[in-house]
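Open your viewer and get ready to click along. We will take the stops one by one.

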Amino acid sequence: MIQVRELSKRFGKVQAVDALSFDVLPGRVTGFLGPNGAGKSTTMRLILGLDLPTSGHVTVNGRRYGELHRPLTEVGAVLEVRAVHCGRSAYNHLLCLAQSNGIGRRRVAEVLDIVGLSSAARRRAGGFSLGMSQRLGLAAALLGDPPVLLCDEPVNGLDPEGILWIRTLLRSLAAEGRTVFVSSHLMSEMALTADHLIVVGQGRLIADASTTEIVARSSANYVRVRSPQASRLGALLRESGAVVRAHDGALDVTGAGCPAVGDLAARHGIAIHELSSQTASLEAAFMELTRDSTDYRAEVA
Amino acid sequence: MNFADVLRSEWTKLRSVRSTYWTMFFAVAVTIGVAVIVCVKWAQDIRHSPGTTIDATTISLNGIFLAQVAVGTLGVMVIGSEYGTGMIRATFGAVPQRRAVLAAKGLVFGVVTLVLGEVLSFAAFGIGQAILSGAHAGVSLGQPEVLRAVVGGGLYLAAVGLLGFGIGALLRHTAGALSAFFGILFALTALTDLLPTSWRNDVMPYMPANAGTQIFAVQRVHDALAPWTGLGVLCLYAVAAITAAAVLVTRRDA
């Protein structure tokens, strides 16, 4: 369990993290979503005690990171940027980390096996592909068999097979009752992996809810209606306060559900050829949520 | 955190990268190589003009002036490369007590450098004296000040190595720290030479290399610090750099 309270971090003029508060609970995969520059990586580094917060605090399993006796046995972390000396072999990289927390050599061999790097264990980590580096990072995170796992952009650079593998692994770790916190800018990936989402933009909390709830809550959910008398139905809907957009020969209605649209048409004797509720993709929900908080947005002329 | 675990980890780190072996190989080659070349040359000179007086101990230890480059570079790299590669985040993630990490790293590196330095110093002395004794100019460890100088050669290398380590930990950037290290060891002395004579003579003996090298000289140069005082001054530079790094390490983002 991770508890973030009023956490803020300022780098010079840039407020990277702004009074963030949220909990990451065990037993499920929690996605940490936000556009580039939203403060995801900084928050992860604050959780791990690598950066010092400007104000606020964060605890892991009820204690500050610096107070953990053997951190690797409590929190495993895969950071976005490489944290490996390129001249050291994968085995020795894991061994020196393991030794610092009193973890034995047998566990080093085990984690190499779990991530499928046993055959490359004696090779220098500097020559690893991005995918192999991710696997090595994950091996380091699993060394202490920790109840809490943090992954910053874990699927970056992985091929489809690797993505499926990591998704399955993260879900199974959560199913064992662990706390799994995964940052990503890939909404579609999070839809498949995360049970719960924490959405941030410009360092601020935008949403903290289950994945399904965030999709449902989005105003990108609308009702699609087709009618031979579309223009008359559209006018009536607007009168009733709904927002109507003509699209591809149909009307996209927000602000009124299917029953309301159907009843209105019936009262006025308007024929209906299609009446369906459309669910936004997580992608659309995310765009909707973070529209005002994107640092760098392509301006449409 | 268990300090013995951190020491074990740092020992694994030091022995699992090639740069350690390359710099140590360089240190061995120059210390022994220079001892052979310089002593063969002096042995010839003495045969040609008997009666030449030399500091036979210091002559055989001349390679230390080159070996210090390798040892200091390794000192910078053991910490600089962690910052350069990002490994430091994994290190501080595993051991959040950052000062303990610096202490363990410095201790492991310091002990390894001291052992290497002593082995090299005694080897260079032995080889050098064997060559010089052919011209009846060799000295033995039993003669006054000689043992101190030979032990001092190893101590000097360890102190220079720790100075490099301290600068590396302070600047957290290998290239910058190497420049600063060579600047302090060599360029500072050259700049001091430009000072007005009266100041220059007061300041010069306290320059790190001038002060520290007195520990492996048997004949004292005029104006130079006493051997142990000189080594102490060099150690102060190293201690200052390491202390500054230890103060800042908990205040800076990794």
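What share of the contacts in chain A with a separation of 6 or more comes from residues 24 or more positions apart? The share is 70%, where a contact means two residues whose C-beta atoms, placed from the backbone, lie within 7 Å.

Before you select anything, note that this is a predicted model, in which local features need pLDDT of at least 70, side-chain atom pairs count only at pLDDT 80 or more, and totals for chains, interfaces and linings use all residues. Residues are numbered from 1 along each chain as its sequence is written, while chains are lettered from A and ligands numbered from 1 in the order in which they are written.

**Chain A.** Select chain A and show the cartoon: 10 helices and 13 strands, as DSSP runs numbered from the N terminus (helices H or I, at least four residues; strands E, at least two). Its C-alpha atoms fill a box of roughly 80 × 40 × 40 Å along the principal axes. Of its 301 residues, 43% are buried (20 or more other C-beta atoms within 10 Å of a residue's own; exposed is 12 or fewer, partly exposed in between).

**Two positive phi values.** Zoom to A:Ala19 in strand β2 (residues 14-24), where phi is near 50°. Next, pick A:Glu153, in the loop between β6 (148-152) and α5 (160-175) of chain A, with a positive phi of about 50°. Most residues other than glycine have a negative phi. Is A:Glu153 buried or exposed? A:Glu153 is buried, with 21 other C-beta atoms within 10 Å, whereas A:Ala19 is partly exposed because 14 C-beta neighbours lie inside 10 Å.
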